[in-house]
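Biologist: Could you walk me through how the helices and strands of this model are classified? I would like to see each label set against its rule.

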Amino acid sequence: MATDWAHLAAYGGEYFEDFVAACLLQRFPKGWHTKPGRGDGGVDFLHPTPNGYVIYQVKKFAGPLTTSQETQVKNSWARFNKKYVDKGKKIARYHLVTAWTPTDKAREWFIGDVTSAALFERQWEGTAFLNGLAGDFPGTFAHFFDGPNPLERLVTQKAMLASVPPSEAESMSFVDSVTDRHAVLQDLLDVTSPHYFVNPSIRMANADGGIPFPTGEPGVVHRFEAIDDRRYRVISIVPKHSQATEIDPITIHINFQPVPGTSEETELFEWRTWGVPFQSVTAETFQSGGPLSDETPMTGTLQMIPEARSDQSWPPMNLERDGVRDDHIDFDVTTVTRGIVGEGIRVVAESASKILQIELRLSSSGAGSTQSIDLTGIAGKLPTEVEPQLRLLVGGEMPTRYVFRAEGQVLSVVSLDDVEWMRALHSLAQDLATLQAFVLEKEIVFPTLREIHPDQRTYIAHLAAVVRGEPQEVPWSNLTLTAERDKPEEFQRFTGRGHLVIAGLPTAFTLGQDEYRLITPIQHVYSHPSAPAGFDFAVVRKGDELTLVEGPHSKLTLSLPSEAFSEPYVWIQ
């Protein structure tokens, strides 16, 4: 049955013009629908082409034009010329669209009289043009003109086809049949909104089992529902055109309900004051607008997922020791957040090497402003990369003042009264850089700060001193030797006197979870080693092990080999 466009235009009010604009936005996603009251300049819709703009002026005229309607057409044309043509805008074509198909006489009046001075093509579109839009976008037509629940008929028709069991489609494979029904259902989703695509998909969980958040995708809303431990059902809402979010805005209404006395209150305060993304806060949510509008509020836990990207709106920063401007570290700003209450700004930046991270919290009043320096990016870095930056931080007398600058202006000054942990880390970086020349199998790299044990730092410091020619005395608790023959007489010497020299003992050290072996053997001199009380040397056989323990004045001296020994163990009185 033919569509009575005159009736729809006469009784549909603004729906008629909005229908045309909604269809054109889907046909030309880069186009633009101008709104009345914003100075439309005689244009309802325009889209760019290589030859210039194509203009559409829509009028809900349902029959031959009255004198008043002719005046409206002329006025729209005059406003269009003033805003676009007179200002040098390149125009490819101008369309007048009405619900009435013009007669030859009316078309001649429009082309030969009203717009005769134009140097571009003009057209007056009628019912044939509108029928084409309705045929191309049936869901949009239903949305505007089919009364309450306009999509029910389309849904019923499509759902009947989609509900046919796949096994009845003998001409297709089972998988192809199911896929075909999925395509029918997708057609249903495509007509649910004139402004948004509804794209369902199944996504695999991340390697750690987490939600596979989309990156670089055009969707404005993504809903995730866990199917099992490995998969998520995802519904993505994607704009069909550039004005989708303006014409049909999607809003998530949030009523925070943090549990009193828990970290939720702190997280919410940090977000409101400084814009720090919260990890887990209870809230009631309700979504309005778009094809996924909620009917009732939902209560759950909210988490903010920050997008990792460089903030180009904030100038680069540098860190210098107060009074030492010739030596500084440059930082690139990675994150800038702002509180929604007050004027708090949070700036996060990292050094070019990504070793140092700083966080500044700035407020115009100075209340609550803080600064922090961290080394979370140290893992995987070479000692020679870490040492220079730590040297700047700990190279002066205590207490130390640091100045943060951006474009020469002082942003913040911070005093650190205790940087002993940085000093210890700086010493470790120096010692590791020294030992690297004696480790040829692989490069020494820093683990995370949590993986560095104090005992590891102490032993590495001793080894670095040794290879620099500085013998080191260290404590020891036991030493295990292997007998080279039966009843070794030398074992009887271990009575808490004398010195046991092990000249060529291969030496390794551990940093975090990694072990590094030195190519230079380290001489170990054990003073006053003793066999366990009551040990019977007569029962020792070749290959047996003997564990020596320290005596009351025992010590272990590490050094580079002082002379060559032919025996692995040398006893010196």
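This is a predicted model: local features need pLDDT of at least 70, side-chain atom pairs count only at pLDDT 80 or more; totals for chains, interfaces and linings use all residues.

Biologist: Why are α12 and α13 called oblique to each other?

Modeller: Helices (H or I, at least four residues) and strands (E, at least two) are DSSP runs, numbered from the N terminus. The axes of helix α12 (residues 420–436) and helix α13 (residues 454–467) come within 9 Å and cross at roughly 45°. Axes are lines fitted to C-alpha atoms, for helices over the stretch in contact, and angles run from 0 to 180 degrees between N-to-C directions. Under 35 degrees counts as roughly parallel, over 145 as roughly antiparallel, 65 to 115 as roughly perpendicular, and the rest as oblique. α12 and α13 are therefore oblique.

Biologist: Which residues of α12 and α13 meet?

Modeller: With contact meaning heavy atoms within 4.5 Å, Ala424, Leu428, Asp431, Leu432, Thr434 and Leu435 of α12 meet Arg457, Ile460, Ala461, Leu463, Ala464 and Val467 of α13. By class, this contact of α12 with α13 has 9 nonpolar, 1 polar and 2 charged residues. Here Ala, Val, Leu, Ile, Met, Phe, Trp, Tyr, Cys and Pro count as nonpolar, Asp, Glu, Lys and Arg as charged, and the others, Gly among them, as polar.

Biologist: What makes α3 oblique to α4?

Modeller: Helix α3 (residues 67–85) and α4 have axes that come within 12 Å and cross at roughly 40°. That angle makes α3 oblique to α4. Glu70, Val73, Lys74 and Trp77 of α3 make the contact with Trp109, Phe110 and Val114 of α4. The residues divide into 5 nonpolar, no polar and 2 charged.

Biologist: In which sense do β4 and β5 pair?

Modeller: Two strands pair if DSSP finds at least two bridges between them. Strand β4 (residues 91–98) and β5 have 5 bridges, in the parallel sense. Valine 97 stands opposite glutamate 125 in β5. Helix α4 (residues 104–114) packs on the sheet, touching β4 and β5, and its direction makes about 150° with that of β5.

Biologist: What makes β1 and β5 edge strands?

Modeller: The open sheet has 5 strands in the order β1-β2-β3-β4-β5, with mixed pairing. β1 (32–33) and β5 (121–125) each pair on one side only, and are its edge strands.

Biologist: How many residues lie between β7 and β8 in their hairpin?

Modeller: There are 4 residues between them. Strand β7 (residues 221–226) and strand β8 (residues 231–239) pair in the antiparallel sense over 6 bridges, and histidine 222 has serine 236 in β8 as its bridge partner.

Biologist: How do you know that aspartate 136 forms a salt bridge with arginine 27?

Modeller: A salt bridge is a side-chain nitrogen of Lys or Arg within 4 Å of a carboxyl oxygen of Asp or Glu. For aspartate 136 and arginine 27 the closest N and O atoms are 2.6 Å apart, and the pair forms a salt bridge. Aspartate 136 lies in helix α5 (residues 127–136) and arginine 27 in helix α2 (residues 14–27), so the pair ties together parts that are 109 residues apart in sequence. By this rule the count comes to 11 salt bridges.

Notes:
Residues are numbered from 1 along each chain as its sequence is written. Side-chain values use heavy atoms; hydrogens and water are left out.
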